Amino acid sequence: MKTVLEIKNLTKRFEGLVAVKDVNITVKERQIHALIGPNGAGKTTTLSMINGTLEPTSGKILFGGQDITGMPAYKIAQKGLGRTFQNIKVFGSLTALENLMVGAMHNNNKGGVLRMLLCVKETNAMERTMREQALEVINEIGIYRLKDEYARNLPYGSQKVLELGRALMGKPKMILLDEPAAGLNTSERAEFVEILEKMYEKGIDLFLIEHNMDVVMNISHMITVLNFGQKIAEGTPSQIQSNPEVIRAYLGNRYKTIRKTEESRGNANAGR
Amino acid sequence: MKNYESLVKKIFPVFAMLLAISLFPVFLKNNYYLTIGCQAMLYCIVALGLNFIVGMSGMMTLGTGAVYGLGAYTSALLSTKLGVNPWLALIPVLVMGWLIGKGLGFPSLRVQFVYFSLVTIAFNEIVRNLLTNLEFTGSGTGVRNIPPYSIFGFEFNTQLRSYYLIFAFLVVFIIIALRIAKSKWRRAFIAVKDNPEALEVSGINVSSVKITAFTLSSIFGCVAGALYAHFNRYITPSTFTTDLSISFVVMLIIGGLGNFWGCILGAYVVAFLPQLLRSAGTSYKLIYAVLMMLAVILFPNGIMSDIRRSVGKLINNGKGFSKGGGIGENRTGN
Amino acid sequence: MQAVILQLAVSGIAMGFVYALVAIEYTLIWNACGLLNFSHEKIITMGGYVFVGTCLFQLGLPNIPAIVLAVILLAIFGIAIAALIFIPLRNSTRLIAVVATVMLGQVINEGVILIWGSVALMPKNFLSGVSQILGATVSKSYVYIIIVSIIIIAVLQFILKKTKIGKAMTCVSQNKTAASLMGINVKVSMAITVAISFGICCIIGVLTAPIFTVKQQMSTMIALKGFCAGVIGGFGNLPAAIAGGLILGVVENFAGLILPSVFKDVVAFALMVVFMLFFPDGLVGVKNRIQKHIAKSQMEKLS
């Protein structure tokens, strides 16, 4: 298997506080990779460094074999690395469809304003492709009926899906998801996981941070565990569940037993 | 044919409004009103440009007066001191707009909201101070005897002729503004206001979007300034104060931020309302200022949004969109 | 030469104190209501007109009672404006807040023209004359500005640090929700802040009346340069604003020696733009950075 994303000795310091320390992660192609850890373990910081919104203090990040350390976020996004946020970031005063079309802009961004004004035909064609693609994606993520609503008026769950859709619009090779299931109710969460799986089947690799253990254990192939900015374990879901250090630091000793009882009740969504 | 119909629906109100503006001199032949009509159209051009920054991208600039002034001075000085044809002088004016856009865009990348307003005020004051004090710009007296535009010996030297010249420019700028408002650029500008970080991770360079907004806006402002110089025939630095910058922003807010119709409405209100209030006696300026203040406080979304809401109700009652054109007519009658 | 330098220094410091007062006056409102009062320029002018036009000329009061009356009138006016504009606007969008205060300025400006006319007024025998300091001839008004400003700053510090009202004002500026939970009436506290701010505006108008004479544009430059002072010092921080004002006043005056006088007013704005772009936190930020650097190097030495 080829390596898609490689993080080498990544470190981030905030004025004396070490948020992430010497983390190494290797994400293989065609995998759903999860990053878990207790609050304040440096997960979101790691994600932000990968997609370029934060600059690492030291270390290297390779995406598709190319060094992307310290590149501006928009360039990294153009290389095919999408991202969603923990606290939703949609464009409130644009409609849902327009939100998606913004996501496709960098693929259809030939020339500046002058070219747009002069080449009417080309611009119109580009606009049409963007709109068609957006309609396709909005159908896929299941909020077609809300396409002309302003994004700020959408319900929380739909905004979350919309953000994912915007990342999809850029035709990424990989999407970084920051707590995709947080704040969703049971049925919404199931729907979201379904969308994620569909995306994975379409050939997009996923790298996600998640607190909900059932989502993580169900869909991911590989899990990395962070604690206090350091990697403490890496492995398949079953390996992680039986790793004593992980259980001590994060899952808690009771996790396994709770999970067993929940499963026996047939409820797959409890047991955070 | 549904597409065609919707196109007609969209274009018809604009067309009706342009018709109303072009017929304006037929009804009011008075030179005084014509001058104000020209002024209003120039304001429209500036407001349409400013809309990209203040209305769409949500950045508060109070330096538009200086942009307008620099455009005016560039064209005026070139045509009086070097004898450049005013039409040719439009090229340096465009370059000037482009340069100002880049220059003003840069601080917008680094400083936050109110600080940015302060930087732009400082810019306006620096420009006004230099224009007032430098000998080469004619100091406090400004530039006189600016030649008018002319085509093959036909001079645009009367109010009526200038009116239609400015009208032609207005049509061009309205087409540009509408095309931008229909394109991905509008979405990018609004996205900058709503959530720059999300725009950045969508693969768009936020800095370049901001600078694009500023460049567009400054080019609109500079060309309007150049038109003003050749229409008014003389310019003084005392025109291009921070107060002028403020009235440009007020136009946008009165009309409704980020809205094409709002810009036009706002420009006409700001140009004509003080003149209409003159009949109220010596205190007309106070009344005007109070009205503007109340408009800003009571209708923070702009008067246009309220009109739209009521028009929307009428449309829903099955009266068709032609009503939109009707508003345009009323407005120019102001 | 020495006399010239001394003269420039005194007038620079005096103007610096004026800028500092301006910076204090809008920083108070900025901290309390979260909006920048772009109308302060007109309020300073109004203060000048109330003092000279109404209290001195119409009522014929002696200087000191006239000043007191003018300050009280402006403070009452401040409470009214706070109730009508600043308090309702504290939660509106920043854009509307900026434009609303700007429009308030225009309303006040037109009102001033209507009430007192657009003629320039000059108070007679008020802070006039010159005094000799170390061989330099210095206008008395500059000396008074320095003295009065120091008194105002001291009194303000006392009010903010020692009195109950001042402590409430500080609380409100730091956290409105917490302040209201602690039983502080946020709105009243804001109104008092605005009143004090307008009072200071009035004093600025009074102090600068002999220098600029009372007219419409008397305060345009000092109001804008007050913003520069705030940015140079560090926005929202009172001691920093004073430092920023003093530095600006002195630098500006001495720049006049080197540069042609044309550029005198440009210096302040250029300085502000430079600070905003490269030291966005002003002198406070620079100081913090230096302190941090020293602490870091000490840590490194220890370890």
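## Briefing: chain A and a hairpin in chain C

In chain A, among contacts (heavy atoms within 4.5 Å) between residues at least 6 apart in sequence, 68% join residues at least 24 apart. This is a predicted model: local features need pLDDT of at least 70, side-chain atom pairs count only at pLDDT 80 or more, and totals for chains, interfaces and linings use all residues. Residues are numbered from 1 along each chain as its sequence is written, chains are lettered from A and ligands numbered from 1 in the order written, and side-chain values use heavy atoms, without hydrogens and water.

**Chain A overall**

- Chain A holds eleven helices and ten strands; these are DSSP runs, with helices (H or I) of at least four residues and strands (E) of at least two, numbered from the N terminus.
- The C-alpha trace of chain A spans about 65 × 45 × 35 Å along its principal axes.
- Of the 272 residues of chain A, 54% are buried, meaning under 20% relative accessible area (1.4 Å probe, protein chains only).

**The hairpin in chain C**

- Strands E1(C) (residues 130-133) and E2(C) pair in the antiparallel sense over four bridges; pairing takes at least two DSSP bridges between two strands.
- Ser131(C) stands opposite Val138(C) in E2(C).
- Two residues lie between the strands of this hairpin, and Leu134(C) takes a positive phi near 50°.

**Two faces of E2(C)**

- In a regular strand, side chains alternate between the two faces of the sheet.
- Strand E2(C) (residues 136-139) has Ala136(C) and Val138(C) on its covered face.
- Thr137(C) and Ser139(C) make up the uncovered face of E2(C).

Terms used:
Buried means under 20% relative accessible area, exposed over 50%, partly exposed in between (1.4 Å probe, protein chains only).
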